[in-house]
Amino acid sequence: MLRIAVQSKGRLYDETMELIAQAGIKFPAVKRTLLVPSRNFPVEILYLRDDDIPDSVATGTADVGIVGLNEVLEKRQRVKVLHELGFSRCRLSLAIPRDVDYTGVRWFNGKKIATSYPVILKDFLNRNGITADIHVINGSVEIAPGIGLSDGIFDIVSSGGTLVSNNLVEVEKIIDSQAVLIGGTGQLPEDKQAVLDELIFRFKAVKAADSKKYLLMNVPRTKLKEVVALLPGMKSPTVLPLADADWCSVHTVIEESQFWDIITRLKETGAEGILVLDIMKMVP
Ligand code: ATP
Ligand code: MG
């Protein structure tokens, strides 16, 4: 039984559980205990605070864990990133009050910086030869400059909305983060390794499908070449005959990001009955 450490509640929880569900791994509907075995796959979930996940994997309490890369880098435990999961994307940045005249990273010399990530910050400051006073607070870091607790902050940024509402501007991005699957540095027993390989295979199939759509449409035979030329990256889409010999059905897979642009041009070229479907899994 492979034991996966997962955040018990918080920003990682929903998408982690959704990924696990999409990978076909089922759990009892109600979460009564902190250690819950799957109903249909040889894994069990250990629910923890995200701060404790790197340590739990490093010490072998859990075999693998799902946690933000920011926590992995901050905790400096002996773990390795096995797979990037692509959700909970954010960055760790330095930010300062909007009305301050920023002169570059040396501005921080001699300043006081509030953060929940002292290890990553210290490392950045050392690399840049800057001495600053690091003030560790856990939570509500963004209010520190406003209440006179610090000159700047080093914190998680995603949309930047929190910074704006606290009159702060992001001046230096230090790291990009996303949820990652981590494992220990040692060798897992063969049976657990096989389960882990299967788990990563399923995660990859879910992720590959996530950004893609399955597109099908009816196209007049005379327009087939033009339509195929519009489909990006696909030299040879599936083309099926229709009962009406003047028409055919074209099937392909597109990136979700290209979706609107392509749909409009396909319609202009003569495609009809365009269907766009979610792809559940994609195995290369
Ligand atoms: P815990 O109670 O488990 O210690 P927490 O309060 O430390 O939780 P959360 O706020 O739930 O942490 O965030 C967990 C992780 O989600 C962060 O470490 C980061 O990787 C990611 N994250 C945090 N804020 C955002 C955001 N605004 N956008 C995207 N990802 C984020
Ligand atoms: Mg935490």
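**Entry 1, the magnesium site.** I kept in mind that this is a predicted model. I began by asking which residues give the protein donors of the magnesium ion, ligand 2. I found Asp50 and Asp51, each through OD, lying 2.0 Å from the ion. Asp50 is buried, at 17% relative accessible area, and Asp51 counts as partly exposed, at 25%. I note the cut-off here: buried means under 20%.

The lining comes to 34 residues. Which of them lie nearest the centre? My list reads Arg11, Asn70, Tyr117, Asp155 and Ile156. I then checked which elements give two or more residues to this lining, and these are helix 3 (69-75), strand 9 and helix 5 (161-165).

I picked out a few pairs to look at.

- In helix 4 (residues 118-127), Arg127 and Asp123 sit four residues apart, about one turn of the helix. Their side chains meet at 3.3 Å, N to O. Arg127 is exposed at 57%, while Asp123 is partly exposed at 31%.
- In helix 6 (residues 190-210), I found Arg202 and Glu198, again four residues apart. This salt bridge is 2.7 Å, N to O. Both partners are partly exposed, Arg202 at 23% and Glu198 at 31%.
- Asp261 forms a salt bridge with Arg265, and the closest N and O atoms are 2.8 Å apart. The two are separated by about one helical turn, because they lie four residues apart in helix 8 (residues 259-269). Asp261 is partly exposed at 47%, and Arg265 is partly exposed at 35%.

I also found a network: Arg49, Asp51, Glu71 and Lys75 are joined by salt bridges that share partners. I was pleased to meet Asp51 again here, having noted it as a magnesium donor in my opening entry.

Which residues form the nonpolar patch on the surface? I noted Ile143, Ile147 and Leu149, with about 250 Å² of accessible area together. I followed up on Leu149, which is found in the loop between strand 8 (133-136) and strand 9 (152-157). Leu149 is partly exposed, with a relative accessible area of 30%.

Notes
Residues numbered from 1 in each chain as written. Chains lettered and ligands numbered in written order. Predicted model: local features only at pLDDT ≥ 70, side-chain atom pairs only at ≥ 80, totals over all residues. Heavy atoms only, no water. Donors = N, O, S within 2.8 Å, 3.2 Å for Na, K, Ca; no water. Buried < 20%, exposed > 50% of the residue type's maximum accessible area, 1.4 Å probe, protein only. Patch = residues over 30% accessible without salt bridge, like charges linked within 9 Å, V, L, I, M, F, W, Y side chains within 5 Å. Areas by Shrake-Rupley, 256 points an atom, 1.4 Å probe, with all protein chains shown as cover. Salt bridge = Lys/Arg side-chain N within 4 Å of Asp/Glu carboxyl O. 1 Å grid on protein atoms, 1.4 Å probe; cavity = no way out; pocket = protein on both sides within 12 Å on 5 of 7 lines; lining within 4 Å.
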